[in-house]
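Subject: Structure for you to look at

Hello,

Here is the structure we talked about. Please open it first and then read the notes below.

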Amino acid sequence: MHNTRNGAARKLLGALLCTLAFTACQPAPEAEPGEEAPATGAGEQPVVYGNDDRKDVFEHTNATLKARAEQATVALMSPSDFNASNPNNVTFNGPNLGSSENLCTSQRFRSDPTAAWCSGTLIDDELVLTAGHCVESAAECGDTRIVFNYYRTAANTLKTVTTADIFSCQSIVVRKKSTTGGRDLDFAILKLDRAATPRFTPAPVRAGNTALATGANVAVIGSGSGIPFKIDSGGSVRTPRASTLDYFVATTDTFAGNSGSGVYETAEHTLAGILVRGDEDYIGSGSCNVVNTCTETGCNGEEITYVSNAITALCQATTNARLCGSGPPPTGGSNFTFSASATASATTNTTNKTVALTAGQKITLGTCGVTGAAVTGDSYLRLFGPSGTEVASNDDGCGGRGSNLSFTATQAGNYEVRAGCYSSGACSGTVAWTLEGGGTGPAPSSGSFAYTANATNSAQTGTTNQGITVAAGQSISFGTCTVTGAAGTGDTFLRLYNSAGQQVTSNDDSCGSLSYANYTVPAGAGGTYQVRAGCFGNSSCGGTVAWTVQ
């Protein structure tokens with residue numbers, strides 16, 4: 001659906017997340033601002049899929065999901081949705097949920113404000129991921145404000161929001177809202193007017209382009225019905241759609257306003273999808289409304305675009321150290337399967353894999369001519385170098401419609417294989433490759449960065465971050481002590497995350513109250529790693545983090 005923006009003619013949230021697939025969708029009744037719902041339907045117990053698993057951020061028990069809500073989740077609003085006359089205490093306009101949706105007195109969150117019309121997730125310093133139907137044009141981008149810290153810290157207390165927490169939409173980097181070749185995609189990546197880091201921390205994005213398993217547990221964080229962020233960690237994958245990998249269907253308890261919300265797989269808490277469509281939110285119960293009740297196996301489920309589609313589009317449009325080629329690179333002799341259609345000769349909707357090469361190393365890859373390769377249809381392969389420039393491609397190899405190419409790397413780094421089909425046709429198969437020779441790896445490097453911090457929860461929130469490129473087999477040493485140039489005051493705390501956003505090591509007290517750690521990158525796991533610097537507990541600290549890679 002397209003969420004109408006706030007203003008004199010703003011349509012109150014309660015409309016469905018709808019497409020033609022849900023022809024029964026109708027908007028919820030609209031109430032006059034400030035009007036309380038009649039006290040009927042008091043015996044109703046609101047559930048969405050099974051139990052209503054939505055929780056306010058302060059009451060959720062999972063520290064990682066709470067951090068995702070506090071550090072990476074955003075609400076999309078219009079300037080008229082809030083009052084920033086006091087830059088240190090922004091307030092929110094509009095009716096509460098009970099009035100806006102004409103809710104019965106039995107319903108949850110009735111006193112919450114309804115300022116947001118979509119949700120999103122910070123995925124890089126100045127990039128926010130949301131649904132394609134949330135921001136559809138440059139004009140809408142210009143009228144969009146991206147708001148952090150829109151959540152409750154206690155039952156009746158909102159987190160104080162300042163103007164430092166509110167960003168403008170500078171541009172739409174990539175966007176798609178279309179159905180092509182049987183694949184229904186809905187995503188957008190917005191560029192902020194300034195970097196949100198280090199004040200906020202991007203969510204790690206799920207690596208690769210594989211389907212989630214049926215029954216896998218997922219969690220969603222966002223502003224359903226426009227209210228402050230809620231966390232629902234009780235969802236499960238109902239339909240993975242592994243053959244198309246456009247979206248998956250899950251039993252998340254989500255509402256209009258959750259459009260664009262980040263959906264996390266809870267095994268590693270990485271961002272796996274974007275909430276885009278779903279079932280009816282509210283239904284009538286006498287003269288007021290209640291949350292629509294579905295069993296865990298009932299109704300149609302909520303549809304969630306796989307995040308890999310948005311990342312692929314981003315990496316085709318621009319270079320990005322954190323997100324492009326960020327999956328753990330396969331090693332020599334590996335392979336991956338793919339199924340695709342309408343890829344415009346492997347220029348869109350491709351299946352991608354990253355391979356780390358050293359200078360002078362030769363890669364031979366194909367859907368034919370390499371052990372383990374296979375193809376059905378007319379495949380097309382492209383290979384891109386570390387800078388994002390295409391270095392090789394092949395359509396018809398091995399005397400047929402398979403693909404085969406060889407390339408010798410002139411520089412070390414992460415190379416990306418993109419598999420698709422010729423023109424607008426459909427194809428599938430297995431891309432396999434072998435590696436030969438190779439010179440020396442990247443030269444040793446070093447650097448440092450200064451920081452001051454306070455209340456970082458042992459370097460889990462509000463950290464100062466530094467990306468460092470490390471190849472497989474190299475060792476990175478970093479610290480506020482031990483490494484030349486390092487210094488610190490207070491009780492420092494350091495963490496290291498790999499290119500997939502997973503923590504690989506950390507240190508608190510290596511040299512008294514200062515920190516030092518060393519990590520050797522395993523085979524096939526090179527890429528841009530991130531050092532996050534903070535303080536133990538909620539104390540204050542600072543210093544210089546120095547690092548060497550060799």
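Leaving aside residues up to four places away in sequence, M77 touches F82, F92, A115, A116, W117, D143, T144, R145, V147 and Y150, where contact means heavy atoms within 4.5 Å. The largest nonpolar core has 60 residues, and M77 and I123 have the most contacts inside it. A nonpolar core is a set of buried Ala, Val, Leu, Ile, Met, Phe, Trp, Tyr and Cys residues joined through side-chain atoms within 4.5 Å. Buried means under 20% relative accessible area, exposed over 50%, and partly exposed in between, with a 1.4 Å probe and protein chains only.

This is a predicted model, in which local features need pLDDT of at least 70, side-chain atom pairs count only at pLDDT 80 or more, and totals for chains, interfaces and linings use all residues. Residues are numbered from 1 along each chain as its sequence is written, and side-chain values use heavy atoms, with hydrogens and water left out.

**Barrel**

Six strands close into a barrel, in the order β2-β5-β6-β11-β10-β7, with antiparallel pairing. Strands are DSSP runs of E with at least two residues, helices are runs of H or I with at least four, and both are numbered from the N terminus. Two strands pair if DSSP finds at least two bridges between them.

**Aromatic rings**

How many aromatic pairs are there? The count comes to seven, taking rings of Phe, Tyr and Trp (its six-membered ring) with centres within 6.5 Å; planes under 30 degrees apart count as stacked, over 60 as edge-to-face and the rest as tilted. F148 and F167 form an edge-to-face pair, 5.4 Å centre to centre with 70 degrees between the planes. F148 lies in the loop between β7 (145-147) and β8 (152-154) and F167 in strand β10, so the pair ties together parts that are 19 residues apart in sequence. Both F148 and F167 are buried. F92, Y150 and F229 form one aromatic cluster.

**Hairpin**

Strands β24 (residues 379-384) and β25 (residues 390-394) run antiparallel and are joined by four bridges. The two form a hairpin with five residues between them, and G388 in the turn has a positive phi of about 90 degrees. L381 has N394 in β25 as its bridge partner.

Regards
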